[in-house]
Amino acid sequence: MNVQASPDRAEDRPLLYLNGVSVSFDGFRAINNLSLYLERGEMRAIIGPNGAGKTTMMDIITGKTRPDSGEVFFDGTIDLTQHDEPAIATFGIGRKFQKPTVFESHTVEDNLLMALQGGRGVLGQLFYRLSRDDAAKISEILETTRLSARRNDLAANLSHGQKQWLEIGMLLAQNPKLLLVDEPVAGMTDAETEETARLLKEIAQDHSVIVVEHDMHFVRELGVKVSCLHEGSVLSEGSLDHVSKDPRVIEVYLGR
Amino acid sequence: MTVDRAIARCVAGFAFLLMSLIAAFAQEETIPPGSPAIDLLRQLPEGSFRERGEVIGALADTGEVALVPILRALEAGSLFVVTETGQIVTTQADGDGVIATDVATGEEIGALASSAVEQIRVNNLIRREVRTAVSQLTLMSPNPARRIAAARDMYASANADSVETLDAALAAEDDDAVRAVMEEVRAVAILRSDASLEEFEAAVSTIVARGGSQSIGILQGALSTASEELQPTIQAGIAAIERNLALWNVAQNIWYGLSLGSVLLLAAIGLAITFGVMGVINMAHGEMVMLGAYTTFVVQQVIRTSYPELFDWSLAIALPLAFVVTGIVGIAIERGVIRFLYGRPLETLLATWGISLILQQSIRTIFGASNREVGNPSWMSGAFQFGGLSITNNRLWIIVFSLVVFAVLLFVMKKTALGLQMRAVTQNRRMASSMGIRTPFVDAMTFGLGSGIAGLAGVALSQISNVSPNLGQTYIIDSFMVVVFGGVGNLWGTLVGAMTLGVFNKFLEPYTGAVLAKVLVLVAIILFIQKRPRGLFALKGRAVEA
Amino acid sequence: MITHALLRGLDGKAWLVVSILVAVAIFVPASNLLLSPGHPLYVPNYLVALMGKYLCYAMLALALDLVWGYCGILSLGHGAFFALGGYAMGMYLMRQIGNRGVYGNAELPDFMVFLNWTELPWYWWGFDMFWFAMLMVMVVPGLLAFVFGWFAFRSRVTGVYLSIITQAMTYALLLAFFRNDMGFGGNNGLTDFREILGFSIRAPETRASLFAATAIMLAIAFVVCSAIVNSKLGKLMIAVRDAESRTRFLGYRPEYVKLFAFVVSAVIAGIAGALYVPQVGIINPGEFAPANSIEVVVWTALGGRGTLIGPIIGAILVNVTKSYFTIAYPDLWLFALGALFVFVTIFLPKGILGIATGLMARVDRRRLPPEPTADAAKPTPAE
């Protein structure tokens, strides 16, 4: 899978480009020569058994973990291995965690305000005043995530599904180029799951998205290209039907 | 200098001590009747100074040790001759007259008129002869301790004339310890003579082997008078001694450092359990140490008043008691306070600080605010020399003790069921609980163990520091520094951390003074934690990130 | 922009605090100076000094609340900033003694003459000027906080580790200031002050003014803190406290947020220390003792952290009790304080104010209109 090393224009290169990435913790290879790339505007689902390296891959992309070797480029030219989490976030990569992490002692609205795209400097925050545009944006996201009614409630008081949505809403507020969504439907009811799939598809219309998910039902509903990770590298890639027929994938999931 | 030589000298030094004791009983010696010395003594006042000098030499050749005080009296000008009888006497003023004592027999002659005795005159020639004679006589003394002392006395005065005396003494000498000293003195003497080049070089190397700052002085003295061609030899010798001294100095610093490190280890090792393994910030840890020290005090009080003969056993009795007392207090604290605060480390910190205040004040109320006297059993006091190191017994025992405690703790954690359960509970409480481990019991036991060890530390620290209600406060910050520096959750880290900090501290002290050294160590640790927030022996990986 | 930010600090809570403090700042000096000792409302001299001391402590607790209550940084070394501010003030007061010291040396403070020093160390230069000393009152603690915080927060030292190294910091300073060579009076510290800005430091008028200044400074500090916590930065601080890594993935740099709060807090603590010293008449290394710093934590915890008002109440409450105990039952005070630590952490995790607001919230919940979002309703031009 050799991508041309230096295409002429940044826009032509894939949005996210991982090549030969490896990382190990105390001798355990969490990611092993992983290569993967994502086109602009694409939504990709990542599946794989526990310990396949899905979360570690997210950690590498977002700067939480530094790879031992390999290249990670974003938007053609940005070497993500050289930057830390806040820098990568401001480049335009948003992340939703497996376990919903919202600011529980803030209201739903304030959570979105925190996430809202804009300056991140300390003094800028001190003198920040809510503009009409920002207020409108927040209201819009509240609509999209169906949280308008709970606008002034503390995030701590939301249900599990609502927290997941709030987090997705925070991602939207960040307005990133790439969204990394880790298990968005874990612990959701069927109705909520469907609702989430709808939400993600809506988001994917104008964002690039990587979704990590166990729930095959949900992945099928998304109807996007699937990469199956196993032992830290891509085992199989293609449509869900293609991947689920791959004998190696079947072996990994069922065999042994 | 080689270590075994150093050991030989230690042994010699020890033997010397012993023999000086014996010598004290054998002090009263008289000249046996019929000895040629008696006749020679009578010749002392007669003839020219030169002739009398020869008499003194002859006296020395008789080997009568009892002559030594007489010769000293002569040198001091307090030897007289009774003009009528020619008896040699010492005198004591008595009214107008004197009371004379015959030096040859030690008998009192009785009162005489002052004019009846005449002082035996001495000049520098006589004095020199006397000194040589005294050296010769004492060097021949049957008492090895005396011989060593005599040889040592010659360090300052040794010169070309002493070489002969020493050679004679060496020829007769069969005690190795005495020989060693004599040879050194002989070397000094040769340096001050115009001996041949070979002899001179041999002498320098003997002195270099002896080492010590005194030897540098001797060599420097020789340097000023020595000929051109000898200069390099001597200078090389001085350099060698200085190197050697520097080396011993480093060793001494390491020793002090290890000693401090062992104290830190003792104070911190209980914390390595409660903080390192359980993750509980116990600010009352220092007070557990203090309770251990006060337990020792109480034990000694009881022994002093009721069983004084047991005093040497006081520490052995205090150890298990301190462990039990502080262990129980620890369990009480865990059950009473800390268990409500698991998962809230900052609150735990504050609550245990409150407990520490209460414990301090309780002790202050019971025992008073001032320092309490805790005695050292006989085997804990005293010191000895090991080569260039001076080692005090209490420090040595504390190092040994700290290592034993460490080893036992390591064993408990790694090899016993309790240790296994402790580690299981700290790694995954829910899982351990569902596997049938009684987690509250294990928590209490772990905390009790950590506190009990603090109590043991208190027993040891009572031997070297003031036992006061503030004892714990002195150690608490240091203990935390050690654990954090070594890496939380790692006993070996605590050991290495304690020793490193101890040695580092002691190496800084000569340059900066004790207080600034400590400040610098603290600053260094603060900077170190910035660099490696998880300490020296940090666990790595995803699990830690949470 | 700054006025707007400060105005935001003047919410209902702040109005209450400011009004009370201004009233106290007027009433206490007036009563002390104008009323006769027999009058029922007369405030005796010793009480003025004592209350001034309480207000300084309150300010220190307020400073701690900004970092602990809002950023989750439990500093066990805030006494160090307080003491440094105090030393800066003390140095000014020492220089004001001039040649009226025991040795009558106009250039050198007594303790330097005693140590046979011949000239003023460079770090004492300028402290004869009030404005410079006041600048240092803020710069020195601020700078220490900046350097310390820069290293600590960037390398992500958090939680108890941070607490322990802040404690080590103040302990190191304690040891350092005990040394005579440091040039800060060693064990005895700085004392025997004569006058401040030309006024005798023992005169009732000066003391009354110092008290008023303390109350006003506390009010200002409160408004500043309130402005900070009411801003978006304040919300970010709470976000950092609760989920630091999450803020990082949103593109914020929590280390700078904490650094800002830490430095502001240290400056406030420094000012508190500077006001404290002329009112108690001495500053010595004992102020650096780790026990002092940790006591501030319990004031804050008792009052209720993350409330700004709580720490002020807590500080005054504990210290009034302490004053009472140390006279009535001196031996029992440490028992009481120790028990207070345990009690507050186990039974009052949110402090007195937390309980009070919790009760009020329950009553008010139904009456509250849906949060007005005042700013959204009347948008202002972007700045």
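**From a hairpin to an interface**

In this predicted model, Phe74(A) has Ile78(A) as its bridge partner in β5(A). β4(A) and strand β5 (residues 78–79) of chain A are joined by two bridges. Together β4(A) and β5(A) make a hairpin, with three residues between them. Look at Asp75(A) in the turn: its phi is positive, at about 55°.

β4(A) has another partner. Strand β1 (residues 16–25) of chain A pairs with strand β4 (residues 69–74) of chain A, again in the antiparallel sense, over five bridges. Within this pairing, Leu18(A) has Val72(A) of β4(A) as its bridge partner. Strands of a sheet pair through backbone hydrogen bonds, whether parallel or antiparallel.

Now turn to another sheet of chain A. It is open and has six strands, in the order β6-β7-β8-β3-β9-β10 (chain A). The pairing is mixed. At the edges lie β6 (93–96) and β10 (233–238) of chain A, each pairing on one side only. Neighbouring strands of this sheet are turned against each other by 20° on average, direction ignored.

Take one pairing inside it. Strand β3 (residues 43–47) of chain A runs parallel to strand β9 (residues 225–230) of chain A, and four bridges join them. Here Arg44(A) stands opposite Lys225(A) in β9(A). A helix also packs on the sheet: α6 (residues 160–174) of chain A touches β6 and β7 (178–182) of chain A. The direction of this helix makes about 175° with that of β6(A).

The contact takes 38 residues from chain C and 42 residues from chain B. The size of an interface is often given as the accessible area lost when the parts come together. Chain C and chain B bury about 3500 Å² between them, with 80% of it on carbon and sulfur atoms.

How many salt bridges are there between chain C and chain B? The count is one. It joins the side chains of Glu347(B) and Arg305(C), at 2.8 Å from N to O. Four residue pairs are in polar contact across the interface of chain C and chain B, both residues at pLDDT 80 or more.

Which elements supply the chain C side? Those giving two or more residues are α6 (130–154), α7 (159–178), α12 (290–303) and α14 (333–347) of chain C. α7(C) gives the most, with 13 residues. By class, the side of chain C that touches chain B has 29 nonpolar, six polar and three charged residues.

Technical notes
Residues numbered from 1 in each chain as written. Chains lettered and ligands numbered in written order. Predicted model: local features only at pLDDT ≥ 70, side-chain atom pairs only at ≥ 80, totals over all residues. Heavy atoms only, no water. Pairing = 2+ DSSP bridges. Axes fitted to C-alpha atoms, helices over the stretch in contact; angles between N-to-C directions. Contact = heavy atoms within 4.5 Å. Buried area = accessible area lost by both parts, 1.4 Å probe. Salt bridge = Lys/Arg side-chain N within 4 Å of Asp/Glu carboxyl O. Polar contact = N/O pair within 3.5 Å; in protein donor to acceptor, adjacent residues only side chain to side chain. Nonpolar A, V, L, I, M, F, W, Y, C, P; charged D, E, K, R; others polar.
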